[in-house]
Amino acid sequence: MRLWWMIPGLALLAGCQTTPTALPVAEPGPAAECRWEAEGVAPREWVRRALDTLEADGFVIRDTEPALGLVSAERTRTIPGYGDRHDSWERTGFFGGLGIGGGRGLSTGVMIGFGGAAGSISQDATQLERVSLAADPGGVRVSRDIQVIDWRGELRETRSGSDTAFCSSLRQAMLATQVREEP
């Protein structure tokens, strides 16, 4: 008995099962400390305080819109030794390397010299940290995103960085910032 006539029905049923039942949600969610009341401070003042605090912490300000109470900033840092753990056989040190292996037979060798473009210095990953702040008369909201990009430019990790420690320290630093006088 041939069951070829069932294939269109199975394809139709399989298509129904591929649609998601819920939209994706960031995991973990932002900490409660990443939202706070405005405490009588105007949104423009929160933006000024955020600019001063983030720049002092090594962030580069990418976008601001004081009228809307928005700030977007990022910073990068090199992660030494992160590299691509799966390609460790490719790695050579700064001063050279030692290898065993070969094509048709066993061969050994020693390489001495200074590392260049393919050396371990250029194979370090980069951590990209992005922060967004939105202030309105009701309160302030902060979100932080952390990504790790390997030396080839491939995304290796991404996670939410909106944790208690970061948001609490940012808030304390912003509250400690002096209020500027309007010109």
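**Notebook: helix packing and overall fold**

I looked up the pair α2 and α3 and found that the axes of helix α2 (residues 43-56) and helix α3 (residues 164-176) come within 9 Å and cross at roughly 110°. The model I worked from is predicted.

I then classified the angle. Angles of 65 to 115 degrees count as roughly perpendicular, and α2 and α3 are therefore roughly perpendicular to each other. For the hand of the crossing, I noted that α2 passes α3 in a right-handed manner.

Next I asked which residues in α2 and α3 meet. From α2, I listed Trp-46, Arg-49, Ala-50, Thr-53 and Leu-54; from α3, their partners are Leu-170, Ala-173, Met-174 and Leu-175. By class, I recorded 7 nonpolar residues, 1 polar and 1 charged in this contact of α2 with α3. Arg-49 is the charged residue and Thr-53 the polar one.

I turned to the chain as a whole. I counted 3 helices and 8 strands. Reading along the sequence, I wrote down the pattern α-β-α-β-β-β-β-β-β-β-α.

Of its 183 residues, 27% are buried. The accessible surface of the chain comes to about 12600 Å², and I noted that carbon and sulfur atoms account for 58% of this surface.

Finally, I checked the contacts between residues at least 6 apart in sequence: 53% of them join residues at least 24 apart.

Conventions
Residues numbered from 1 in each chain as written. Predicted model: local features only at pLDDT ≥ 70, side-chain atom pairs only at ≥ 80, totals over all residues. Heavy atoms only, no water. Helix = DSSP H or I, 4+ residues; strand = E, 2+ residues; numbered from the N terminus. Buried < 20%, exposed > 50% of the residue type's maximum accessible area, 1.4 Å probe, protein only. Contact = heavy atoms within 4.5 Å. Areas by Shrake-Rupley, 256 points an atom, 1.4 Å probe, with all protein chains shown as cover. Axes fitted to C-alpha atoms, helices over the stretch in contact; angles between N-to-C directions. Parallel < 35°, antiparallel > 145°, perpendicular 65-115°, else oblique. Left-handed = near helix turned anticlockwise from the far one by under 90°.
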